[in-house]
Amino acid sequence: MGDTRVRSFVSAQEVAELAGVSRSAVSRTFTDGASVSDATRRKVLQAAEQLGYHVNHLARSLIQEQSGIVCLIVAEIATPYQARMLDALSRRLQVIDRVAMVINTSGESGGVEAALGQTLNYRAGATIVLSGTPPAALITTCVNSGQRVILINRDDHLDGPINVSVDNALAAREALHMLDRCGCRRIAVVSSTAGTPSLVARERAFAAAAENLGLQASVVRTGPTGYAAGFEAGRILLSGSTRPDAAFCVTDLLACGFMDAARREFGLHIPADLCVIGFDDIEQAGWAAYDLTTFRQPIDAIADHTMTLVDSDNTVAPAGRRFQAEPVWRRSVRPS
């Protein structure tokens with residue numbers, strides 16, 4: 001049978017020589033739908049297995065100027081929401097035979113701009129931006145190079161990319177009315193220093209809705225979008241002379257930290273002393289320790305729609321979409 005050890009960088013020509021066929025016969029054997037006889041196919045596959053040959057799809061696609069790469073630009077990968085979204089997108093990309101390249105921009109100055117530059121170097125067919133605000137000029141460069149740029153959950157609509165988002169403002173206004181109906185009057189907003197468009201939209205819409213009802217919503221931002229920032233916000237807000245009786249946290253992770261500070265540092269009972277609403281419906285929101293009323297982002301629906309955008313014909317102008325965040329009632333808010 002000869003040497004069966006797997007070798008690196010085995011060429012199609014070597015497979016052809018061992019199988020006793022032409023180089024083009026090898027190519028046709030590994031091309032879906034190409035014409036090749038059963039006898040030739042068996043010889044090629046046997047030779048490929050013996051040599052340890054695998055088709056270099058990247059080289060083949062680059063010749064066709066279609067790499068099949070889809071870049072996912074993301075920060076704060078460890079947070080529950082981003083982890084779920086990344087999981088949903090990457091699994092679906094595999095189903096449609098795309099290669100996901102994850103570029104982590106956490107902690108980088110100008111990270112999103114540098115990441116978009118990398119997508120051009122790798123000839124990505126599409127880029128999905130999960131965090132950060134790309135410069136408009138770079139977006140234009142990517143689009144003009146034939147790349148499809150999809151921005152997920154951003155309320156700043158730039159010209160060129162496709163926007164897929166949830167209606168953050170509508171959900172924030174509904175959160176205010178939920179608290180108003182259960183009699184809360186001293187209302188706080190626990191936000192983040194991250195300043196992403198989606199978080200800012202939730203914060204501003206909630207504060208504006210409160211003002212329309214004659215309420216003053218105090219806003220606290222103590223750090224990035226995480227548990228520790230929520231805990232610190234709780235220590236600050238609840239140690240004042242006028243303690244809030246309700247809080248809207250722009251993410252569930254902030255809400256979890258805020259609730260723990262309320263109970264452990266101040267002995268407050270939720271929702272008897274303090275009503276809390278979050279946003280995202282991460283797994284922890286449903287834990288018995290939090291039982292958090294929140295708004296559920298339809299991650300699977302967003303990921304499915306994003307795949308239709310990635311996989312659609314470039315001759316068709318695809319449309320973005322805005323989804324609704326569904327309220328999920330749990331026990332962190334008193335019945336109205």
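Author: The model is a predicted one. N153 sits in the loop between β4 (148-152) and β5 (162-166). Its side chain reaches the backbone nitrogen of V166 at 3.5 Å and makes a polar contact with the side chain of N168 at 3.3 Å. Beyond its neighbours within four places in sequence, N153 also has contacts that include Y81, S198, R202 and Q297.

Now the salt bridges, of which the whole structure holds 11. D87 and R91 join through their side chains, at 3.0 Å from N to O. These two residues are 4 apart in helix α5 (residues 80-95), so about one helical turn separates them. D87 is partly exposed, at 37% relative accessibility, and R91 is partly exposed at 43%.

R92 pairs with D300, with the closest N and O atoms 3.3 Å apart. Because R92 belongs to helix α5 and D300 to helix α12 (residues 299-311), this pair ties together parts that are 208 residues apart in sequence. R92 counts as buried at 16% relative accessibility, whereas D300, at 46%, counts as partly exposed.

In another pair, the side chains of R330 and D281 meet at 2.9 Å, N to O. R330 lies in the segment after β12 (326-328) and D281 in the loop between β9 (275-277) and β10 (294-296), so the bridge links parts 49 residues apart in sequence. Both R330 and D281 are buried. Through shared partners, salt bridges join D281, R296, E326 and R330 into one network.

Note on methods. Residues are numbered from 1 along each chain as its sequence is written. This is a predicted model: local features need pLDDT of at least 70, side-chain atom pairs count only at pLDDT 80 or more; totals for chains, interfaces and linings use all residues. Side-chain values use heavy atoms; hydrogens and water are left out. A polar contact is a pair of N or O atoms within 3.5 Å; within protein, one must be able to donate a hydrogen and the other to accept it, and residues adjacent in sequence count only if both atoms are side-chain atoms. Contact means heavy atoms within 4.5 Å. A salt bridge is a side-chain nitrogen of Lys or Arg within 4 Å of a carboxyl oxygen of Asp or Glu. Buried means under 20% relative accessible area, exposed over 50%, partly exposed in between (1.4 Å probe, protein chains only).
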